[in-house]
Amino acid sequence: GDNMSKCLIIVGSRRDGNSLKLAKKIKKELKKDRIISNIIVPGNQKIYVCTGCMDCDENGVCDYCRNFDKNIKPFWKPQENRFDELEEIAAKIRKAGEGQDYDCILGLSGGADSSYLAYIAVEVMHLRPLIFVVDTGWNLNVAVENIEKIVKGLNLDMYTEVVNWKEMADLQLSFFKASISSCDQPQDHAIFAAIYNYAVKHKIKYVLTGSNSATEFIRPPVEWIYMNDTVMLKDIHRKFGKIPLKTYPLCGMLKYRIIYRYFYGMKRVFPLDFVVYDKEQAMDLLHEKFGWTKYENKHYENVFTRFFEGYYLPHKFGFDTRKNVCSNQILTCTMTREEALKILETSPYDPEQMELDKEYVAKKMGITATEFDDIIARPNKTPKDYRNQMWIIKLGVLISRIFEGEKRNLRF
């Protein structure tokens, strides 16, 4: 009527995709008070889409694509098996392991990369790896079953390290309370730290890793996921944690890249970079040979990571890790941009399952779903809001590029 009041609310965010989400949230809250509102998106906004992958600058090409064209594509041969080079590496590993039960160690999550790596290590490289599994308390049954299928199918020995659950839960809750995007660091760090620490302790010189150029040369920006900073980890836990980290495995970048490598002789090897690695074909092979089961998305063998990547990152920060996964596949010609865009039009995973996961994650960390929602709704923070060693990590990346041939674009 004539007495109706009108108000213009301008919503903005420095993070891509958050403005519209925030506007919808405001509209929802206003509706509770029976206030009618409309969302108007200005028509003069210019949206850039990279001519190569899915993200770009104002010139239509992103730094990842420029780096790929300049530093990776000229030297990378994804359709060529480099078995001669791989055999040279395998021979060194076998020789180093003479007289020992195992000549290398391999971390197995049950996912495609690590499972296919195990197959390559045994059937192609003829190695005797110890399968190392880290139980962080979050693996789905499908992951556990896949691990068992690979271990039994290849007749391998397995060692499982169980992370103290009370310490893990307290640290993960601390990261959520810190309100940063890297809430998967406690789990991710524990896995790699446990493997490296075990290898050095038991004098296993070679660590096989499933990291590879075919699926991972486009890494999420540090703004999205910032890992391996033990200074930040300890500072966040000091501020928000309640349980001392007495047994939680720690191994910072300086330790595993310098101390473990040059003083203890530990070497990391990336076999999947020497073979044709078409992920779909690899998963088909694993299924045919071992009955291995495929997951919905990368890293979805783990309920925490599924929730973290499928809900927490896109909901709180507007970050969708499927972008870098799909962009990687576009540049390697295993997916078209049109196929990728269709994937991004869908939800990361089923909304009903997401709500169940949220309640499950909250309960495992010892809080209610309502308390969890309140924590997630806190103002966003970044690693710069806490003590960190980002300068050391940047230096490490620089050294890797100069001395180790690191060619990926690691965006800080």
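Me: Before we start, when does a charge sit over a ring?
Reply: A charge sits over a ring if NZ of Lys or CZ of Arg is within 6 Å of the ring centre and within 35 degrees of the ring normal. Keep in mind that this is a predicted model.

Me: OK. Which rings does the charged end of Lys364 sit over?
Reply: Trp138, for one, with the charged end of Lys364 4.9 Å from the ring centre. Trp165 is another, at 4.3 Å from its centre.

Me: What cluster do Trp138 and Trp165 belong to?
Reply: One linked by ring pairs. Its members include Phe176, Tyr312, Tyr360 and Phe372.

Me: How many aromatic pairs in the count?
Reply: 22. Take Tyr116 and Tyr119: their planes are at 25 degrees, so the pair is stacked, with ring centres 5.8 Å apart. Both lie in helix H4, three residues apart.

Me: And Phe176 with Tyr312, how are the planes set?
Reply: At 85 degrees, so that pair is edge-to-face. Phe176 is in helix H6 and Tyr312 in helix H12, 136 residues apart.

Me: Is Phe176 buried or exposed?
Reply: Buried, because its relative accessibility is 1%. Tyr312 is buried too, also at 1%.

Me: Switching to the sheet. What's the strand order?
Reply: E3-E2-E1-E4-E5, open, with parallel pairing. E3 and E5 stand at the edges with a single partner each, so one side of each lacks a neighbour in the sheet. The twist averages 30 degrees from one strand to the next.

Me: What packs on it?
Reply: Helix H7, residues 185-201. Its direction makes about 140 degrees with that of E2.

Notes. Residues numbered from 1 in each chain as written. Predicted model: local features only at pLDDT ≥ 70, side-chain atom pairs only at ≥ 80, totals over all residues. Heavy atoms only, no water. Pairing = 2+ DSSP bridges. Helix = DSSP H or I, 4+ residues; strand = E, 2+ residues; numbered from the N terminus. Axes fitted to C-alpha atoms, helices over the stretch in contact; angles between N-to-C directions. Contact = heavy atoms within 4.5 Å. Phe/Tyr/Trp six-rings, centres within 6.5 Å; stacked < 30°, edge-to-face > 60°. Buried < 20%, exposed > 50% of the residue type's maximum accessible area, 1.4 Å probe, protein only.
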